[in-house]
Every structure is written in structure tokens, then in C-alpha cells.
Amino acid sequence: MSKKTATILTQDELPTGATTPHVSPLYLSSTFIYPSVEEAQQVFEGKKKAFIYARWSHPNAEIVEQKMEALQTTKKTKALAFNSGMAAISAVFQSLVKPKDVLIVQGNIYGTTVDYVNELAKQMDLQVYFVDFKKTDEIVRICTSHKKVKLFYAESPSNPTIECYDIKKLAGIAHQYGAKLAVDNTFATPLLQQPIALGADFEINSSTKYLNGHGTGVSGIVVGTDAAFMEKQLWKIRKLHGTIVAPFDAWMLNLGMKTLNLRMKAHCENAMKVATFLSQHKAVKKVNYLGLKSHPDHALAKKQMSDFGGVLSFELKNGYKAGLKLMKKVKVCKLTASLGTTDTLIQHPASMSHYFVPKAQREKFGITDGLIRLSVGLEDVEDIISDLEKGL
Ligand SMILES: Cc1ncc(COP(=O)(O)O)c(C=O)c1O
């Protein structure tokens, strides 16, 4: 049939003889074609699995989801990819929490998560306890003084204080009182720590960070142990809110994940050297890095993680003013809010990542005005150290 110009221009035919591409292609298509009306009906009725509409699911999201499931060392899980770490986190809360529920949330977590939980608490009249997750007696006391606690929310290692929490112990307490445990695993990734193997119900990652690794996209992933819950409740929230990861961001994420194991090794190695340098410098008051034997959580991190991660934080003897000077002077370390990228990123939590957390709430959990966070990159470590040395 000879087609008219407009038809030729609008319609695509895959080239005949096209072979399977070596790298997964980017599926920039909002919908997917069905070979017949009957098959379309079967797909919509859930009798046959196929992609329908890219807000529901799409091949690029499924590729990274399957990788995340395969990375789990113990249980069978289901993963769902979102268009940011915050979309992943908020979907977990929204899928579980009902008005007036009681939640126990770790106090020293990522600032926007605190901001989100505070907002949700107002909207849903929730009773939220922000607690130091090392004080498990306090957690038990809260659980026993309420009929039901719905969710424990942890982040380990914590952003930006770099503390480590006993996930196995927390999961035990949560389950004893009928609560779920969700763990933000962004700083560790499944390569360094397996929250689900340790007993958590959900592992959440801001894959904007190490999993993507290059700072080229924003995304988040939730891995859950209850496949039916993931496929119904969590998937429905993602579909209704339209928070699935975009195909391009998922495609970039998949490229990044190909080198995650090599990058994590190098991040950890460089971070250990930088932490050692800072801990021996006369201008530095305190270094928070789980790999240092002096860190109070070193033994737990050694037991729970396979390495200590690429992020550290520190305070200078001359406090905030000295920190400000350092951040102005550095050149190799880039001043920006994110972490987990190939290059070294420096930031000031009190005025950047944790700006929206009320000062009293932030200081109660150790996020002081003088704290500086460093995400150690993959540059030659001598260049990172000499950059910091000049700044100090
Ligand atoms: C520990 C942690 N969790 C969650 C998030 C939120 O992720 P996103 O920025 O991808 O929404 C961040 C962002 O910095 C983070 O550091």
C-alpha cells in the first residue's frame, strides 16, 4: 500500500533484521502496542503480562527493578522504581499510614524526610516520635504505651551524622509489636548493606546517589518483602500519583549500576584515607566516619556492613566560621547538595540539606551549625587531601 506523506512521517516500522541490542535500549514511548484487541483485553484484565502505559510501568523501570531484586542476598523481593528518592519514601508512608497512626522515626535522618514526616503528621493527625534509634529502651517504651505502632523508619548510615543502627535488633522490636521496619539504605546501597536480609520489611534507596553514581538523574527505589503488598498497594500509589521513574532516568540509572561494585570499592577506599587525614589534622575537632576505629559505631558497622561507605562528616575546632572558609577555598571538592557521585562533593547540612528542619530538632540529633558533610569521590585521593589541606 502506498502511504501518503503524513502517514509515512508519523508511523514507525522497526527495521527488518534488527537484532537484540547489546545495551538495553531507551524506551521513550508512553504506550505499548497490542497485536490484537483480544490480547489488549487480556492485558487490561491482568490475565496476561505486558506493558500498558508508561505511568504504570515500562521496560526501563523494570530493568533496574529486576536488578535490585537480584541484588538481595536472602529473601525473594519485589522492587519498584520511582521518580525520586522522596517519591519512594513518601509512597511507603502513604501506602501504610492511616490518620491517627503512631510512628517511630529516627531523629537524625535526611532533612527533607523529616520535613515530609512533619507535614504528613499535621495532615493526618499522626503521633510521630523522633527517637535516637540507639535508645531501644525508649522505642520499647513507646510501643508498650500504645495499642499499635504502624511503622519504624530508619536510615543507616544516617545523613549527615554518619551513625549506624542495629537493623536486626530494630526489626526484632518492630515485629514483636506488629510494626513494619523501613530502612533508607542510600548511603550503603545493597552492595554494602542488606537491610532486608537483616530483617527489615522495606529497603529504600535514593538512586539519585550511588546507584546512578554520576549525578545524571533523579530516582528512587523501594524493595519490599511482601510481593502482594508491593504489587497492589505500593504500585497503585505510584500509578495514581504518577511517580514512576522516567525512562531516561531509569536508563541512566541502569548504566550507572553496571559499575556500582567497582565504584563503591573505590569510594570506600578513598573515604577511609580522607577520614584518616582529617582525624589527624590539628584544625579538626571531630570526624564521623564508620571506618575509623574511634567511631562509636565502628564495631556494629563492621558486623552489619561489608564496608564503611563513601560519606563522612566533620567539625572544625573553630566551628562554623572555619567551615565556611574551607568550603570557599576548596576547588577539587565541589560545593553542592547531593552525594554518591564520581566527584567529591562538600556541603553544609545546617544551611543546605537540613535547612528545612527546625534548628532545635536538628541540633537535638547532632546536626550542628559546624557540621560539614563530604561525599568522597573517585578522584586521585592525593588531590582530594591536598585540596582539603589548603582549605584547612
Ligand atoms: C539519605 C537520603 N534519603 C533520601 C533522599 C532523597 O532522595 P531524592 O533527592 O532522590 O529525592 C536523600 C537526598 O539527598 C538522602 O540523602
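Begin by selecting helix α7, residues 167-176, whose buried residues are Ile167, Leu170, Ala171 and Ala174. Viewed down the axis of α7, these buried residues fall within an arc of 100 degrees, so they line one face of the helix. The model is a predicted one.

Next, display what covers the buried residues of α7: this includes β4 (151-155), β5 (180-184) and α12 (298-304). Just after α7, select glycine 178, which takes a positive phi of about 75 degrees.

Proceed to the sheet. Its 7 strands form an open sheet with mixed pairing, in the order β1-β7-β6-β5-β4-β2-β3. At the edges stand β1 (78-82) and β3 (127-131); each has a single partner strand, so one side of each is left without a neighbour in the sheet. From one strand to the next, the twist averages 15 degrees.

Within the sheet, select β4 and β5, which run parallel and are joined by 5 bridges. Here glutamate 155 stands opposite aspartate 184 in β5.

Helix α4 (residues 85-96) touches β1, β4, β5, β6 (202-206) and β7, and its direction makes about 40 degrees with that of β7. Helix α3 (residues 59-71) lies across β1 and β7 (220-224) and runs at about 135 degrees to β1.

Finally, select the ligand. It is surrounded by 13 residues, of which the closest are Ser84, Gly85, Met86, Ser206 and Thr208.

Key: Residues numbered from 1 in each chain as written. Predicted model: local features only at pLDDT ≥ 70, side-chain atom pairs only at ≥ 80, totals over all residues. Near = placed C-beta within 6 Å. Buried ≥ 20, exposed ≤ 12 C-beta atoms within 10 Å, placed from the backbone. Helix = DSSP H or I, 4+ residues; strand = E, 2+ residues; numbered from the N terminus. Arc of directions from axis to C-beta. Contact = placed C-beta atoms within 7 Å. Pairing = 2+ DSSP bridges. Axes fitted to C-alpha atoms, helices over the stretch in contact; angles between N-to-C directions.
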